[in-house]
Amino acid sequence: MMLASFGAATLASYLVVSGILLVIGVVGFLVRRNLIVMFLCTELMFQGAAIAFVAAGRYYLDYSGQVMVIFILTVAAAEAALALALVVFMHRQRDTLDPDAYGELAE
Amino acid sequence: MISIMQSIIATPAGQIDQLVDIVAPTWAQFILWMPLISLVLCGLCAALKVKTKAPAIITVISLATSFVLTLMLYFGYEGAEVIHIFEWIHVHWNGGSFISDFALYIDKLTLLWMLFVTGLGTLIAVYASEYMEHDVGKGYARFFAGVSVFLFAMSCLVMGDNLLMLYLGWEGVGFASYWLIGYFYQRPAAVAAAKKAFIVNRIGDLGLALAIYLIWSTFGTIQYDGISTALAAHNNDAATFSAFGGWTVHAIPYLLMLAAFGKSAQLPLYVWLPDAMEGPTPVSALIHAATMVTAGVYLIARTYPLFQLDDYALPIVAWVGGLTALFAATIGMAQYDIKRIMAYSTVSQLGYMFLGLGVLSSYGAAYHVFTHAFFKAVLFLTCGAIMHGFAGQLDLRKLSGLRKMRGWKIVSYTMLVGCLCLAGFPFTSGYFSKDAILAEAFVTQGSGFEILGWLAIFTAGLTAYYTFRVWFRVCCGPEYYEPGDELHGDDPSSFHPHPPRVAINFVLIAIASGAIIAALPYFMDNETKGINGGWVAEMVHDSPARGGVPNAVVAVVDGEHATAHEGVANAVVDQDHATHGSILGMDPHKAMYYISGVVGMIGLGFAFFFHLARRKAADSLRNKLLASRFTRWLPIAMENKWYVDEFYIAVIRTPLWILGKLFALIDRGIIDGLLVNGIAGTPRAIAKWFSPLHNGAVQSYAVSMIGGAALVILLMMFMPEIMSFLQSTMIGATP
Amino acid sequence: MDPVLPYLACLVLALALYAAIRPSAITFRIGAIVATVAAAGWLLGIIAGYLSSLEGDAATPFFIIFSLAVIAAAVRMISHERPIYCALHFILVVIASAGLLLLLEAEFMAFALIIVYAGAILITYMFVLMLANQAPDPNEPETMEYYDKIPREPAAAVGVGFLLLCIVTGTVLHGTSDLPPRPNNTVAWHTLEQLPKQFEASILELDETFAWPPQKTEQGNAIQFDQDVAYVLSAENVRLDLDVSMAPTNTQSVGWSLVNDFPVSLELAGVILLMAMLGAAVLARKAIEIGDREKRNVLSTNEEKAS
């Protein structure tokens with residue numbers, strides 16, 4: 001009954017969508033040179049993970065997947081708050097959002 | 001003074017016994033501890049930056065206490081005894097043991113040494129309290145701490161009951177010597193001299209360490225008593241020692257000799273002593289003239305029976321001593337720095353002492369040590385007073401007529417006393433002690449001892465010459481002086497010499513009196529009457545360490561002359577007189593009184609002629625010698641100390657330096673460069689390929705991270721395939 | 001051996017993505033994005049064809065629409081040069097993925113995602129973007145920051161992404177087909193059982209004559225299952241079939257699961273949020289140097305006020 005409403009879009013389809021989302025997030029994180037957009041890309045990866053969690057939870061008929069998404073939301077919110085505070089802090093010092101400008105620990 | 005001395009000697013033994021019996025003999029350890037206490041207090045003074053003469057007072061009081069205790073020990077002496085202080089090293093194992101207690105061995109040889117070590121130490125500390133006063137609050141405490149260390153180490157050396165304690169003291173005095181020579185550490189010359197003294201002494205110390213090891217492996221003990229017992233058990237016969245194939249008993253005396261020659265500045269290793277005069281003068285007087293340098297003589301006297309195990313050991317000692325005496329005297333003749341002259345004269349006199357030991361006259365050697373300690377101390381101290389008063393001037397060409405200057409009379413006449421003794425002027429202490437050695441060189445039959453005797457007599461003439469050269473130049477003649485270079489900011493034109501004050505004058509008189517009185521023991525009674533040499537002879541012969549059998553035949557010089565004169569009563573000597581050597585057909589002991597007196601007078605006469613009566617003659621003689629092509633080498637070589645230092649530099653230092661450079665090249669090139677840096681460089685070279693990954697850009701790290709994660713997932717995904725593939729290849733490989 | 005077709009689709013997707021993120025003319029970019037989305041749809045079709053024997057149902061078109069929208073928005077997001085548009089496209093991603101969550105019957109999560117992400121986090125991003133970036137004139141690209149215009153090493157990034165995508169695809173192909181689904185949504189019914197008031201009320205609403213309490217099995221469960229149908233037995237042994245609509249809602253279930261199964265994690269999440277708030281406050285505040293005199297002045301005025 002439950003499985004029937006899952007439809008033609010099986011778990012695998014959702015997982016592939018979430019995987020594509022994750023990959024796009026990764027690629028974005030790697031190619032963008034703007035600190036804020038890089039953090040946005042990490043949010044994109046979170047989205048992919050969230051879809052995978054919910055789909056798997058739905059597949060196993062277990063609500064833990066959705067609870068995990070709540071935690072993901074928590075972490076994403078905390079990360080956004082801290083990361084953006086850092087970005088503001090750093091931007092105030094260097095007036096740029098290029099991560100290369102902050103590479104003082106490099107050789 | 002003499003009467004007091006005699007009254008002390010004449011005091012019935014009973015009274016002093018009562019005095020001594022009040023306290024147990026263990027108080028004797030405080031002879032050792034007093035300097036150590038003084039060291040600690042001086043160290044405290046240095047730490048608290050005391051700006052008074054407190055360190056000097058502390059040191060003088062503690063050293064005087066040591067001296068008084070030594071006197072008490074002497075008057076209470078009843079026989080050799082060991083005073084056990086604490087257990088130091090006790091190692092036992094299956095079938096052997098190594099025991100070295102912290103114990104004192106008190107016999108008369110020890111007491112003889114301790115008497116002048118502590119006595120002179122006290123007086124020189126008093127002298128130094130005035131001499132060093134320009135350093136009050138700066139190095140004053142450091143100086144007296146050094147003196148205290150020296151006295152402690154010297155007491156250990158002399159009073160120790162085993163060779164390890166002697167070694168402790170041996171190294172300790174070496175260290176104290178280094179400390180005090182380098183006292184003026186801002187002066188490069190002083191630092192270099194300190195280093196030189198230390199390094200040259202290390203050569204001798206190596207010999208001593210090896211000797212102690214060999215003694216322990218041969219006799220199984222390093223305690224003097226134990227060695228004596230072991231020797232007695234073997235009848236003093238070297239052939240019966242079979243340990244290690246029997247070579248050790250022959251090696252021991254040569255190693256000990258090396259040690260003694262290093263410490264006492266004998267021929268191959270004497271070079272450090274003249275340079276050691278860079279230290280403050282009281283140090284030169286105490287350490288480098290009176291006490292420390294006689295440690296070598298003490299060592300040989302203490303281990304005399306070991307030297308008699310080898311047929312050639314003692315003759316070599318005699319020859320080295322005799323040649324050193326002559327050699328150093330020739331250098332001393334041509335020097336202008338009075339302190340340096342005294343230093344070479346010390347080397348020369350030490351040579352006499354070794355000559356005495358070598359020709360079986362250890363009492364002569366000991367007596368000469370005793371008298372030399374006094375007159376050389378007084379000579380150094382007068383030099384020091386002059387140096388102090390004339391702003392460091394030591395050149396005898398630039399000083400003259402001191403005798404007539406105000407305030408310098410005591411210095412001049414005490415110096416005269418010292419010079420007379422050193423020159424062996426008849427009826428002075430040096431005259432008797434030197435005669436004892438010279439005569440014995442003719443009495444004892446040995447390899448070329450007679451030649452050695454004549455050489456020594458010739459040297460005695462040279463000694464008289466160079467000694468009085470100093471005195472006539474400095475103290476007689478017209479009044480004239482040039483200040484030295486240590487003006488402390490004064491204007492040279494307005495310079496006035498400042499004569500010594502109470503403390504220095506008192507000490508000079510006291511030690512000069514001692515130098516005169518030191519002639520008395522030669523005539524003093526002793527319990528075993530008739531021993532040639534009186535009190536000192538008794539002190540030396542009553543030393544159980546020397547074979548454990550006092551007054552007995554201890555030496556076998558050669559088969560025919562089965563008796564030697566060491567410790568043999570006159571009666572025995574008379575019986576065997578036919579076998580003794582003679583000089584010009586006379587008994588050497590009597591003949592030597594005349595011969596050495598005459599030789600001394602001749603030397604004195606030459607000195608009078610060249611340096612007082614016609615001072616220009618000396619220079620003209622020198623010019624004449626220089627003018628002639630055949631003789632010019634003589635004054636040049638003598639003035640340049642026979643180029644020994646240069647020879648050592650060429651023969652020892654330069655090859656070592658080249659070798660060191662070579663090893664440094666090997667070390668840097670092959671070991672450091674190829675092995676160490678090469679091994680360290682390999683990972684670095686490999687890392688160079690990967691280091692672009694660490695470019696500090698966040699995203700490149702992210703690439704590595706994600707790529708790594710992907711690889712891990714791939715590995716997990718294909719693990720079954722990989723495992724089966726591996727298994728198949730393994731199975732395929734096994735058959 | 002795996003089929004090669006999904007990986008080919010992955011490669012096409014990666015190439016299209018590469019074309020999309022390289023700086024080029026806007027029309028070409030749009031084309032590249034369309035190609036990316038098409039490749040993603042192809043990949044989805046291949047996967048569904050391999051793994052699902054079921055016929056499409058009414059939800060399938062929505063799934064296709066939402067998933068392609070998510071992917072299109074995401075690609076446009078990472079390829080857009082202007083950060084503010086990136087953020088806006090991310091909102092689109094969030095909304096589209098909320099639609100996917102609705103298809104997965106996670107209604108609460110869908111709307112929570114929109115509220116939290118689009119409503120709170122993205123607004124924060126917007127604010128920071130406005131603080132940090134001078135809004136450039138859209139007609140003059142020169143005013144844009146250089147680091148927004150030039151992507152960094154797109155080839156390497158896409159290579160890594162391709163690898164990752166292949167792994168995801170491979171994992172899905174390898175791992176999901178042999179996982180049997182559970183026959184019943186027992187979890188939801190058990191949640192209901194643990195809410196006794198609601199349980200009693202809903203049963204009595206269904207049948208007022210039901211003799212409360214119901215019988216319990218040996219395991220202590222009141223709700224029993226007959227194939228897909230859940231029922232309870234009354235004390236008088238009367239069987240009452242339960243209607244699906246009686247099951248707790250998604251929000252209820254998630255809330256119950258949250259407080260029942262993950263209480264400690266919930267507390268920790270609270271602590272994390274608190275720390276993040278404090279940290280953000282500490283980091284972002286402007287350090288104001290106060291000299292001793294100012295401090296004293298402040299103190300003295302305070303004292304005056306107090307007196």
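Reply: Two residues are in contact if their C-beta atoms, placed from the backbone, lie within 7 Å. Among contacts in chain C between residues at least 6 apart in sequence, 63% join residues at least 24 apart. The model is predicted, so local features need pLDDT of at least 70 and side-chain atom pairs count only at pLDDT 80 or more, while totals for chains, interfaces and linings use all residues. Residues are numbered from 1 along each chain as its sequence is written, and chains are lettered from A and ligands numbered from 1 in the order in which they are written.

Chain C contains twelve helices and three strands; these are DSSP runs numbered from the N terminus, helices being H or I of at least four residues and strands E of at least two.

Now take one pair of helices inside the chain. Helix H1 (residues 5–21) of chain C packs against helix H3 (residues 60–79) of chain C at an angle of about 40 degrees, and their axes are 9 Å apart. An axis here is a line fitted to C-alpha atoms over the stretch in contact, and angles run from 0 to 180 degrees between N-to-C directions. The angle makes H1(C) oblique to H3(C), because under 35 degrees counts as roughly parallel, over 145 as roughly antiparallel, 65 to 115 as roughly perpendicular and the rest as oblique.

On the H1(C) side, the contact is made by Leu17(C), Ala20(C) and Ile21(C), and on the H3(C) side by Val75(C), Ile78(C) and Ser79(C). Five of the residues in this contact are nonpolar, one is polar and none is charged. Nonpolar covers Ala, Val, Leu, Ile, Met, Phe, Trp, Tyr, Cys and Pro; charged covers Asp, Glu, Lys and Arg; the others, Gly among them, are polar.

Chain C also touches a neighbour. Its contact with chain A involves 84 residues of chain C and 66 residues of chain A. Helix H5 (residues 107–132) of chain C supplies eleven residues, the largest share of the side of chain C that touches chain A. That side of chain C divides into 61 nonpolar, 14 polar and nine charged residues.
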